[in-house]
Amino acid sequence: MKQIVIISGKGGTGKTVITGAFAALAKNKVMADCDVDAADLHLLLEPSIRERHEFRSGKTAVIDKNKCIKCVKCVDVCRFHAISKDFIVDRVSCEGCAFCSFVCPVGAIKMEENVSGEWFVSDTRFGPMVHAKLGIAEENSGKLVSLVREQAKELADKNKADWVIVDGAPGIGCPVIASLSGIDCAVVVTEPTLSGLHDADRVISVAKHFGILAKLIVNKYDLNLGMTEKIGQYCKKNNIYLIGKIPFDKNIVEAMVLGKTVMEHKSGQAKEAIEKAWQVLQKKLK
Ligand code: SF4
Ligand code: SF4
């Protein structure tokens, strides 16, 4: 079984379009959406949820008003000003350090685990998908990404799947690192702009740092042929395999408006180029 992640140094490069297309092309696979802060793969794959689980992470102080003797010690020690004068903990400001619970003379403060989000196992028209939703203003998205990856791998092992196709988190932070761990290949999607190349270079450096093979796709390559040429030179210089150049094609937009992957829409240049990139990737990973 091979695990591949589709990533980009930033959002808006067409990462989910490519992930959706690969999900349509790959046989016998499990999908994982690791963009837990702003998941959008579900818009294309329309999952029907079959399992729903709470994601617990971090702790928040909770004051038992019946025990509290109003000594104000907790208010004084909380450097995050999370406890109000009438001894109510603001869940957003509380950092879960538990200092207040240590200083409380009557044991009125308990640290309770937060429900920070949910994760799901769903059925889609292309097979099973593991995905998640982090609650508003919640942290630990890296931990949730790791959980989604773990569950997708477990499901793939159980189903004897050939592929785990992961829609990675954007950027280069903790969720991306969690998306990359244990991956066989990272497919970096970029666009032909200077900032696109800069962002791709940053995320490729992160992948390299963890010893992960990175390959590149240039999306909308024909919108700036000069920059596409520079990206090609960058790939040669850094020994990165350019698996595909996808032209700008309004069929991609049409497919998205219809809630379909480009592979399910009418033929066009982009569809052909993505299919070719998938074939190249399969060969390279054999
Ligand atoms: S756990 Fe820490 S951050 Fe939260 S209320 Fe207590 S002292 Fe403040
Ligand atoms: S430290 Fe304990 S007893 Fe004192 S105000 Fe806070 S909760 Fe109440």
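Met-1 counts as partly exposed, because 15 C-beta neighbours lie inside 10 Å of it. Keep in mind as you look that this is a predicted model. Met-1 sits in the segment before E1. Which residues does Met-1 touch, once its neighbours within four places in sequence are left aside? They are Ala-156, Ala-161, Asp-162, Trp-163 and Val-164. Take Ala-161 as an example: 160 residues separate it from Met-1 in sequence, yet in space the two are 6.5 Å apart, C-alpha to C-alpha.

Step back now for the overall picture. The protein has ten helices and nine strands, and its C-alpha trace spans about 70 × 40 × 35 Å along the principal axes. Of its 286 residues, 44% are buried. Among contacts between residues at least 6 apart in sequence, 74% join residues at least 24 apart. The protein is divided into domain 1, made of 2–46 + 125–285, and domain 2, which covers 56–115. The C-alpha centres of domain 1 and domain 2 lie 42 Å apart.

Next, the sheet. In what order do the nine strands of the open sheet lie? Reading across, the order is E3-E4-E5-E2-E6-E1-E7-E8-E9, and the pairing is mixed. At the edges you will find strand E3 (48–63) and strand E9 (241–246), each of which pairs on one side only. From one strand to the next, the twist averages 20 degrees. Helix H7 (residues 194–209) packs on the sheet, where it touches strand E1 (2–7), strand E7 (185–190) and strand E8 (214–219). The direction of H7 makes about 170 degrees with that of E7.

Let's follow E1, the strand that comes after Met-1. E1 is mostly covered, with five of its six residues buried. To one partner, strand E6 (residues 163–167), E1 is joined by five bridges, and the two run parallel. Within this pair, look for Val-5 opposite Val-166 in E6. E1 also pairs with E7 in the parallel sense, here over four bridges. On that side, Ile-7 stands opposite Val-188 in E7.

Helix H1 (residues 15–25) is our next stop. Is H1 mostly covered or mostly open? It is mostly covered, as eleven of its eleven residues are buried. Among the buried residues of H1 are Lys-15 and Thr-16, along with Val-17, Ile-18, Phe-22 and Leu-25. Gly-20 and the alanines Ala-21, Ala-23 and Ala-24 are buried too.

Move on to strand E2. Why is E2 largely enclosed by the rest of the structure? Five of its five residues are buried, so the strand is largely enclosed. Both faces of E2 are covered: Lys-29, Met-31 and Asp-33 are buried on one side, and Val-30 and Ala-32 on the other. E2 pairs with E6 in the parallel sense over five bridges, and the bridge partner of Lys-29 in E6 is Trp-163. In E5, Met-129 is the bridge partner of Met-31, and Val-130 is that of Ala-32.

Finally, turn to the ligands. Ligand 1 is surrounded by 14 residues, and the closest are Ala-61, Cys-78, Cys-94, Cys-97 and Cys-100. The shell around ligand 1 divides into twelve nonpolar residues, one polar and one charged. Around ligand 2 there are 14 residues, of which the closest are Cys-68, Cys-71, Cys-74, Cys-104 and Ala-108.

Conventions
Residues are numbered from 1 along each chain as its sequence is written. Chains are lettered from A and ligands numbered from 1 in the order in which they are written. This is a predicted model: local features need pLDDT of at least 70, side-chain atom pairs count only at pLDDT 80 or more; totals for chains, interfaces and linings use all residues. Two strands pair if DSSP finds at least two bridges between them. Axes are lines fitted to C-alpha atoms, for helices over the stretch in contact, and angles run from 0 to 180 degrees between N-to-C directions. Two residues are in contact if their C-beta atoms, placed from the backbone, lie within 7 Å. A residue is near a molecule or strand if its C-beta atom, placed from the backbone, lies within 6 Å of it. Ala, Val, Leu, Ile, Met, Phe, Trp, Tyr, Cys and Pro count as nonpolar, Asp, Glu, Lys and Arg as charged, and the others, Gly among them, as polar. Domain bounds come from an automatic or database domain assignment. A residue is buried if 20 or more other C-beta atoms lie within 10 Å of its own, exposed if 12 or fewer, and partly exposed in between; C-beta atoms are placed from the backbone.
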